[in-house]
Amino acid sequence: MAIRKVYLIQPGRDGRVLGRGTMTPYTLMRLASLVPAEVDVEIIDEDLRPVPFEEMGPQDLVGITAKTLQIDRARWIATRAQARGATVVVGGTHATLAPDEVAAWADSIAVGEAYRTWPEMIADFDRGRLQPRYVDEEWADLGHLPPIADRVLQQVDENRNYWTPYLEITRGCPRSCTFCTAIRVSGRVMRLRPVDQVVAEIERRGIRRFFLTDDNFGLNFRLHPEYMEELFKALRKLPLQGWTCQAEQMVADYPDLLKLAREAHLDKFFIGFESANPNNRRELGGKAKGNTERYRQVIDRVHEAGIGVVGLFVFGFDGDPPEIFQSTYDFIRESGLDGVSITILTPYVGTPQRRVWREQNRLIPNVPWSLYDTNHVTYYPKQMTPEELARGYDWLAGKLYGWRGIAGRGLRNLLRQPLRAWPRKAFASFSTDYGYRLECSHRDWVPARDGIGYRINGSSRSGAVVAASRRPEFVGK
Ligand code: B12
Ligand code: SF4
């Protein structure tokens, strides 16, 4: 069968915010750039426009990317595309972590990174020989990736249609936090993209600001200091407005690199403190120990270098009592953090955390994957009821993401900048916490009182989201 067209789809969730999308389809931009030039390719971000099912037919290959929380929606899209005769390939985090489950309804699945297998899948489909499963877990050398194609850049028009472009510079994480899926998705070995390729990509995309998709970019301060120096010196010369990345606390121990990072226009580190409770240290992969004294020192040192800190905290570890919300709030308030992310521990498929809780019969049954979004309780916590965990989280979210909280932290961040930089920095100072406020607005469901299944929270502020979650195609598992 001769292929007519490739559709690449990112399932939607948030719609537009002030006219623009919040999640640049970077994954699909990279995959679209691997489609041979003679084959038509179209990226569809469901947050921006509906999927054109009516155009699809038997000669079309539909690729869908999905994290766990998007997989039910991906299935809904797949069913409709298949009804038009199109062939559906599903890849991304959930297909990598739960391949058998996805293979039951997709025509084919892409497990792993797909830099090698995606072009193979297109060629096989073209010859009428598409296989049900392709596995790519060789952790390819990132130096050999093709650049993002011109037709892709023109089609996505990211600077106009999205708030913050994404960029990948390094990939991998050698840590082993019990709740994290990154190791399975990105590999344990840290891989680096050549600096000249990174610079070329920034220039070709014309991006002035970006969020790094790297799981633990900061770990390279220790693992690859020469590379970081080379990178920062190259970024320093670009007319960037600012960028942000994920890191761990030890970046604070490298003052020379911090200084270079600042000169390279780095705005903020997202640092995984994970917990302000030392009883959880075993789960934190060695990078955080619940030691708030050390956290304060880290925040101060990074601030001294002129860089902001967004603190990431997870709730619901076995060591967490109901008081954890108040004590963490007390710490956050006096910490000087510039932004805060709070999430509920979520036992994703493939994590040691899930294995243990499954053995202990602690997973709440019949929770749809769409609620595996880190805003919902999906298991029985040890020292709280599911409802106490959900309520504690809501209480803290209310405190942190009220307008006063967002304005206070944003202003503090802005005041750290020289006055002449304010027009450039104003967006970044407030946007992070606003994004987390949006995420928390998905907390429309609360665990049922008996702890089995979910009921809709009557006090929901976001009717549209409740309606979406009620759609019959959001199946349980
Ligand atoms: C950037 C990022 C984000 C961005 C959004 C990115 C996006 N467009 O979806 C932001 C910051 C908004 C975000 C938010 C969240 N994220 Co996130 N995110 C990432 C991160 C760090 C990188 C993903 C990325 O863009 N990588 C770069 C691109 C090039 O690679 P890739 O996406 O892995 O795609 C490759 C392969 O997977 C494969 N592939 C992917 N899709 C497809 C499709 C087809 C057809 C084929 C053939 C191949 C294929 O080929 C690609 C090229 O190699 C990953 C961690 C990771 N390393 O994957 C977490 C990760 C995906 N996120 C995660 C989570 C939990 C979340 C949140 C729920 C967290 C939160 N509470 O805020 C939210 C959910 C938001 C939402 N509505 O979806 C988890 C997902 C776990 C799971 N089982 O689903 C991950 C794995 C992090 C983790 N530590 O566990 N995230
Ligand atoms: S350090 Fe971060 S990316 Fe690495 S395993 Fe732990 S949570 Fe995941």
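Reader: How do the residues of the shell around ligand 1 divide into nonpolar, polar and charged?

Author: This is a predicted model, in which local features need pLDDT of at least 70 and side-chain atom pairs count only at pLDDT 80 or more, while totals for chains, interfaces and linings use all residues. Residues are numbered from 1 along each chain as its sequence is written, and chains are lettered from A and ligands numbered from 1 in the order in which they are written. The shell around ligand 1 divides into 17 nonpolar, 14 polar and 8 charged residues (Ala, Val, Leu, Ile, Met, Phe, Trp, Tyr, Cys and Pro count as nonpolar, Asp, Glu, Lys and Arg as charged, and the others, Gly among them, as polar).

Reader: OK, and which residues are the closest to ligand 1?

Author: Gly63, Thr65, Thr68, Gly91 and Gly92 are the closest of the 39 residues that surround ligand 1, where a residue counts if its C-beta atom, placed from the backbone, lies within 6 Å of the molecule.

Reader: Which helix gives the most to that shell?

Author: That is α1, with 4 residues; helices (H or I, at least four residues) and strands (E, at least two) are DSSP runs, numbered from the N terminus. At least two residues each come from α1 (26-32), β3 (60-65), β4 (87-91), α3 and α8 (182-186).

Reader: Where does ligand 1 lie relative to the domains?

Author: Ligand 1 lies between domain 1 (5-136) and domain 2 (167-440), because both give residues to its shell; the domain bounds come from an automatic or database domain assignment.

Reader: How far apart are the C-alpha centres of the two domains, and how many residues are in contact?

Author: The C-alpha centres of domain 1 and domain 2 lie 28 Å apart, and 13 residues of domain 1 are in contact with 14 residues of domain 2, contact being C-beta atoms, placed from the backbone, within 7 Å. On the side of domain 1 that touches domain 2, α2 (71-83) and α3 (93-97) each supply at least two residues, and the residues of that side divide into 6 nonpolar, 4 polar and 3 charged.

Reader: Switching to ligand 2, what surrounds it?

Author: Ligand 2 is surrounded by 13 residues, the closest being Cys173, Arg175, Cys177, Cys180 and Asp215, and its shell divides into 5 nonpolar, 4 polar and 4 charged residues.
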